[in-house]
Structures are given as C-alpha cells and as structure tokens.
Amino acid sequence: MPPRTTYDDADGIATITLDDGKVNALSTEMLAEIAAQLDRAEASAEAKAVVLAGRERTLSAGFDLNTPAEGWPAMLVAGASLALRMLSFPKPVVVACTGNAIAMGGFLLLSADHRVGSAGDGRIGLNEVAIGLTLPWFGIEIARHRLTRPWFDRCTITGVLLAPDEARGAGFLDEVVAPGELRGAARSAALTLAALSPEAHAATKLRVRREVLTGIQDGIDRLGGDGREW
C-alpha cells in the first residue's frame with residue numbers, strides 16, 4: 001500500500017497531510033501512520049508546532065467500517081490513543097479541516113489545540129448513533145471536554161451532522177475561512193502558537209486536560225484489548 005500520509009517540515013511548522021485517495025478512513029494502518037508522523041514531529045528540533053490536514057473536501061470520514069470484526073478492538077484502541085496523544089502533545093497542534101469530519105474524524109478536531117474549518121458543504125459531527133453504533137466511552141469524554149453543553153448532548157445522542165458555521169458554534173471548530181484561505185489560516189495559527197513558551201504550553205495543557213486525559217485512558221482500559229466495552 002502507498003503511504004496514506006505525507007510530512008513536510010518548513011519554517012518551524014510540521015504539516016502532516018492525510019490522503020488515502022478516498023475519504024481518509026481511519027484504519028489501524030492509517031492511525032499508525034499518523035502516530036509515526038507525530039513521533040517525527042515531536043523528535044524534530046525544527047518543528048515548533050504541527051498542522052494536521054486532510055485531502056480535498058475531507059479531513060476524515062471516521063473509522064474504517066470495512067475492518068473485520070476481529071480488527072475493531074485494535075482500531076478503537078489506536079483511535080483513542082491518537083486522541084490521547086494529540087490532547088497531550090508537547091507541541092501545539094492545529095487541524096486544517098478541509099471538509100467532512102465525521103465520527104473519529106470529528107474526534108480529531110476535538111483533540112487539537114486550534115481548529116480551522118473550510119466554508120462550504122462539508123459536514124462535521126459524531127454520527128455513531130445514526131449508523132447504529134454506541135458511542136465509545138473515550139469518545140464521550142472527548143466530546144464532553146470540548147463541545148458546548150447543549151451541543152454535547154445533541155451531537156452525541158442524535159448523531160446530527162453540522163455545517164461548518166454551526167460546527168464552530170458547537171465547539172468542533174475555532175474559525176471558518178474560505179477554502180482557498182484554509183492552509184494559510186492554519187499555518188498562521190500554528191505560527192502564533194509556536195511563539196508560546198513550549199514548556200509553559202506543554203505543562204499547562206496537561207493540567208487543563210487532566211480530567212479528559214484520565215477519561216480517555218479509562219475508555220481505553222474498558223476496551224480491555226477485546227472490545228468487550230465498545
């Protein structure tokens with residue numbers, strides 16, 4: 001399989017782009033690639049911040065639903081572990097949401113320090129219930145941490161998908177810009193965050209997010225390696 005991600009490190013910003021040629025389904029393999037690229041960014045002395053971006057019109061449609069049943073526990077743990085990593089990452093993380101961000105794709109947005117969305121007809125949300133899946137425990141904790149209170153209840157229980165401006169009001173995005181301005185706006189946000197004290201940023205992030213990090217780890221533990229508490 002060709003790589004599903006690319007890495008570019010320029011002017012202090014590491015850009016990780018997801019592109020599987022389709023909808024950026026978060027298979028175990030795709031999640032492992034993203035984790036490896038984050039390892040690369042963390043180890044880089046030049047990279048002061050990270051931008052995670054999707055392909056045209058899609059950040060990610062979520063977990064790979066074509067994964068065989070026996071592969072789901074590992075995929076779920078990999079997804080939860082990626083969210084945990086992003087929320088506690090020692091360098092600032094910005095997501096450039098190029099369009100659709102659904103289910104685990106939505107959790108990627110909720111796990112970043114700053115989220116820039118592309119205006120248009122993209123849809124953003126947690127649609128697990130709408131497709132007959134119970135929201136995993138780790139996902140509930142991430143949503144509780146980042147979504148506004150009324151939207152937290154509605155988005156998790158109904159599976160509603162939102163337009164970008166509505167998603168910003170709910171807490172999925174921090175700003176919405178024209179499609180042609182997305183990369184520049186995400187990079188600008190990353191440069192602003194890169195100017196922060198790295199030590200203060202990393203330490204404060206862990207303090208502020210202690211409760212959600214503990215909740216995600218509990219969700220991972222509930223999976224128990226065999227998916228018994230999806």
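**Helix H2**

I started with the length of helix H2, residues 72-87. At 1.5 Å a residue, its 16 residues should span 22 Å. I found the end C-alpha atoms 23 Å apart, which agrees. I keep in mind that this is a predicted model.

Next I looked up which residues of H2 are buried. The list includes Trp72, Pro73, Met75 and Leu76. Gly79, Ala80, Leu82, Ala83 and Leu84 are on it too, as are Met86 and Leu87.

**Aromatic pairs**

How many aromatic pairs does a search of the whole structure find? I got 2. One joins Phe63 to Trp72, with ring centres 6.2 Å apart. The planes of Phe63 and Trp72 stand at 65°, and over 60 counts as edge-to-face, so I logged the pair as edge-to-face. Both Phe63 and Trp72 are buried.

I then turned to Phe107 and Phe138. Their ring centres are 6.1 Å apart and their planes at 55°, so this pair is tilted. I placed Phe107 in helix H3 (residues 104-110) and Phe138 in helix H4 (residues 137-146). The pair therefore ties together parts that are 31 residues apart in sequence. Phe107 is buried, and Phe138 is buried as well.

I also checked for a charge over a ring. Arg222 lies over the face of Trp137, 4.1 Å from the ring centre.

**The sheet**

I traced an open sheet of 6 strands. The order is E1-E2-E3-E5-E7-E10, and the pairing is mixed. Which strands stand at the edges? They are E1 (5-10) and E10 (175-177). Each has a single partner strand, so one side of each is left without a neighbour in the sheet. From one strand to the next, the twist averages 20°.

I took a look at one pairing inside the sheet. Strand E3 (residues 49-53) runs parallel to strand E5 (residues 93-97), and the two pair over 4 bridges. For Val50, the bridge partner in E5 is Val93.

**Helix H5**

My last stop was helix H5, residues 149-158. Its buried residues are Trp151, Phe152, Cys155 and Thr156. I then checked the face turned away from the buried side of H5. There I noted the exposed residues Arg149, Pro150 and Ile157.

Methods: Residues are numbered from 1 along each chain as its sequence is written. This is a predicted model: local features need pLDDT of at least 70, side-chain atom pairs count only at pLDDT 80 or more; totals for chains, interfaces and linings use all residues. Side-chain values use heavy atoms; hydrogens and water are left out. Rings of Phe, Tyr and Trp (its six-membered ring) pair if their centres lie within 6.5 Å; planes under 30 degrees apart count as stacked, over 60 as edge-to-face and the rest as tilted. Buried means under 20% relative accessible area, exposed over 50%, partly exposed in between (1.4 Å probe, protein chains only). A charge sits over a ring if NZ of Lys or CZ of Arg is within 6 Å of the ring centre and within 35 degrees of the ring normal. Two strands pair if DSSP finds at least two bridges between them. Axes are lines fitted to C-alpha atoms, for helices over the stretch in contact, and angles run from 0 to 180 degrees between N-to-C directions. The expected span of a helix is 1.5 Å times one less than its number of residues.
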